[in-house]
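We will walk through it stop by stop.

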Amino acid sequence: MEQTAAGDSGTGRGEPREAGRVDLERIRRAIREILLAVGEDPDREGLQETPDRVARMYAEVFQGLHQDPRVHLKKLFTQKYDEMVLVRDIRLVSFCEHHLLPVIGRAHVAYLPNGRVVGLSKIPRVIDVLAKRPQLQERLTEEVAELLMKELDAKGVAVVIEASHSCMTIRGVNKPDSSFVTSAVRGAFKERSATRAEVMSLIFGSKV
Ligand SMILES: Nc1nc2c(ncn2[C@@H]2O[C@H](COP(=O)(O)OP(=O)(O)OP(=O)(O)O)[C@@H](O)[C@H]2O)c(=O)[nH]1
Ligand SMILES: [Zn+2]
């Protein structure tokens with residue numbers, strides 16, 4: 001019997017996904033193959049449940065593939081507030097699409113409202129959906145900026161992500177202290193250098 005797991009059904013990267021679900025049985029088979037390929041015995045006691053655990057883990061960490069982040073931005077509150085809104089230090093966990101290893105860091109998101117504001121928790125929710133997919137940090141940063149700009153009809157959006165990539169810290173080049181910073185600015189943050197400088201100084205404080 002084919003077992004699947006999924007979060008909310010949704011549009012993934014803006015398009016309907018054919019399967020819409022994670023195929024747990026297929027992952028179990030693949031993990032068993034990997035264990036054999038690396039020279040392990042998948043039938044020894046400690047590994048017997050590993051394919052199933054890993055399948056459930058992938059269903060969890062890639063659940064964003066089957067969720068539509070826009071659902072979190074449907075409810076906006078009318079508010080005459082046209083100053084910057086900044087949500088700083090949003091914990092972020094994603095997976096690099098090259099090695100499928102964790103990317104752990106923080107996101108900072110600012111926007112300039114256009115007569116309507118969004119509930120504060122919705123910004124981290126949107127980031128979670130987009131982060132729980134195999135990602136490139138640059139693409140994740142731009143996806144968050146584009147989505148907020150459009151769905152909030154904002155006058156400007158700035159997104160900064162600072163993250164450590166396990167594929168660089170625990171293997172390969174092995175640089176444990178390295179971090180990677182990406183930013184995407186839209187609207188007034190792109191057009192007005194003073195506005196951009198203001199948000200960057202609020203995000204980085206004395207670091208810039
Ligand atoms: N630009 C960018 N690079 C990333 C990201 N995540 C991982 N990488 C890099 O993707 C690259 C993949 O390089 P490849 O040469 O194809 O793979 P590799 O042989 O495993 O490379 P090494 O990590 O150098 O051992 C590596 O340099 C990673 O550090 C990301 O979000 N953005
Ligand atoms: Zn990687």
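Which residue in E9 is the bridge partner of Val 159? Select Val 159 and look across: the partner is Ala 184. Helices (H or I, at least four residues) and strands (E, at least two) are DSSP runs, numbered from the N terminus.

A word on what you are viewing: this is a predicted model, in which local features need pLDDT of at least 70, side-chain atom pairs count only at pLDDT 80 or more, and totals for chains, interfaces and linings use all residues. Residues are numbered from 1 along each chain as its sequence is written, while chains are lettered from A and ligands numbered from 1 in the order in which they are written.

**The sheet.** Now select strands E8 and E9, which run antiparallel and are joined by eight bridges. They belong to an open sheet of five strands in the order E7-E4-E5-E8-E9, with mixed pairing. E7 and E9 are the edge strands, each with a single partner, so one side of each has no neighbour in the sheet. Two strands pair here if DSSP finds at least two bridges between them.

**The core.** Next, pick Val 144, Leu 148, Val 157 and Val 159, which touch the most other members of the 34-residue largest nonpolar core. Such a core is a set of buried Ala, Val, Leu, Ile, Met, Phe, Trp, Tyr and Cys residues joined through C-beta atoms within 7 Å. Buried means that 20 or more other C-beta atoms lie within 10 Å of the residue's own, with C-beta atoms placed from the backbone. Elements that each supply at least two residues of this core include strand E4 (85-96), helix H3 (122-131) and strand E8 (156-165). A second, separate core of five residues includes Val 22, Ile 27, Ile 31 and Ala 59.

**Helix H3.** Colour H3 by burial: seven of its ten residues are buried, among them Ile 123, Val 126 and Leu 130. These buried residues pack against E4, E5, strand E6 (116-118), strand E7 (134-135) and H4; contact means C-beta atoms, placed from the backbone, within 7 Å.

**Ligand 1.** Finally, select ligand 1 and show its surroundings, which include Cys 96, His 98, Glu 138, His 165 and Cys 167. A residue is near the ligand if its C-beta atom, placed from the backbone, lies within 6 Å of it. Helix H4 (137-151) and helix H5 (166-169) each supply at least two residues of this shell.

Key: A residue is buried if 20 or more other C-beta atoms lie within 10 Å of its own, exposed if 12 or fewer, and partly exposed in between; C-beta atoms are placed from the backbone. Two residues are in contact if their C-beta atoms, placed from the backbone, lie within 7 Å.
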